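Please examine how the parts of this protein chain are arranged and how two of them meet. The explanation below follows that interface step by step.

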Amino acid sequence: MKATDVVVVGGGLGGLAVAALLARGGRRVVLFEKARHLGGRAHTTSQEGYHFNLGPHALFLAGAAARVLARLGLELKGRGPRGEGGFALRRGRLHTLPTGAVSLLTTDLLGAAGKLEFARVLAGLNRVDASTLVGVSLEQWLRANVSRAEVRELVAMLFRASTYCADTELMGADAAVAQHQTVLARGVRYLDGGWIELVRGLTAVADAAGVQRVISARVESVTREEEGSGRSRVRGVRLADGTEWAAEAVVVAGGPGDVASLLPGDAVAAGWAARAVAVKAASLEVGLSRLPRPEALVAFGVDRPWYASVHSAWARLAPEGGALVHVAKYLGGRDTEASELELEGILDVLQPGWRMQVVTRRFLPGLTVMHALPTAAGLGARPRPVVEHVRGLAVVGDWVGPEGLLTDASLASAEAVALAWLGAREVRAA
């Protein structure tokens, strides 16, 4: 039997962040990761000098992740788009993407009345109090606030791009509006070298704080002892090789299915896993020796949930003169599958002649974008980071807590655990 103060199960971004925050606050922390590398879905693969993330990743500069990274002293290099090189893709044709007054006037996506309504909706988005939209789906909000179908289609495209989710009927309006407001506030950043740089930065901070990392080690269960009235308390964890660690507290940084498997017989955790609807996407990543059309950098599907972006136009992800392009299809609602041929067709429109410039490529048909889509029940209905019925247990992930989506939710829940277990003064001091 080995002992520590806190065990963190999972070495993704949320696990690394909570481990670093707790260790900085004076806790002895041991982190277990079942894979051979840290980072989880933030892993980056280098091929022929091209840095492939697991799908198109973006850091929201006004989101919780940027706040937590700043608290940990991490500053990551890279840039993000400011409206340049953008197109809307509808019925197989590229149209001017309305990102400002001039492009809205010149685009042929909408007629005069549609342009006026689109401008009105966009101008009002920042004034919407997202917390008042609990109980309303994004589809219901769109139909109540956008009268013209062609405008509604275009606004839905914007929400899809900021949330990575295509299912407007299931997604909660509060989460979608809050997320889009985050994008409007400060935009996004693509990271030089890929998201592995974020993993390296968090790992360095955790190491400096004294976190003990154990790689290729699978935790089999969280050990508990009953306290009565349906409550229990954490004793530690048991690994697949039979090793046991005693701990005052355990943080599980993973999906709802991971939590349920580590807590066999726990009805609450089983319910989290049963209700979760994962958000998926298909991604085609292509490294090109050169870009056939340098002026065409981004395309958003209007009538289909498509997205294509030359991320290397803003971040160092390709060799000098080369280009790295992400083509994705957001899966959900009526679109649940994507073929490689379908995504190639999008690139044919945006970058005709790209096939002659291919250096390396990769197709991923079913990436997990979020472990649980936030529904109309509201962000406040998601599980709390500090678990109430198991003393000493916390969960961290993109499906946890009342703040943010994607990486923002993961790091916000990590911060919430540290604040609850250390106190605001200790977290600030660290």
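Domain bounds here come from an automatic or database domain assignment. That assignment gives domain 1 (2-41 + 197-277 + 374-429), domain 2 (45-80 + 188-192 + 279-370) and domain 3 (97-184). The model is predicted, so local features need pLDDT of at least 70 and side-chain atom pairs count only at pLDDT 80 or more, whereas totals for chains, interfaces and linings use all residues. Residues are numbered from 1 along each chain as its sequence is written, and side-chain values use heavy atoms, with hydrogens and water left out.

Taken over C-alpha atoms, the centres of domain 1 and domain 2 are 29 Å apart. In contact (heavy atoms within 4.5 Å) are 24 residues of domain 1 and 20 residues of domain 2. The buried area, meaning the accessible area (1.4 Å probe) that two parts lose on being put together, summed over both, is about 2000 Å² for this pair, and carbon and sulfur atoms give 65% of that area.

Three salt bridges (a side-chain nitrogen of Lys or Arg within 4 Å of a carboxyl oxygen of Asp or Glu) are found across the interface of domain 1 and domain 2. E415 and R67 form a salt bridge, with 2.6 Å between the closest N and O atoms.

On the side of domain 1 that touches domain 2, the elements giving two or more residues are α1 (13-24), α8 (196-209), α12 (406-422) and α13 (424-429); helices are DSSP runs (H or I, at least four residues), numbered from the N terminus. The largest share, seven residues, comes from α12. By class, this side of domain 1 holds 13 nonpolar, three polar and eight charged residues, where Ala, Val, Leu, Ile, Met, Phe, Trp, Tyr, Cys and Pro count as nonpolar, Asp, Glu, Lys and Arg as charged, and the others, Gly among them, as polar.
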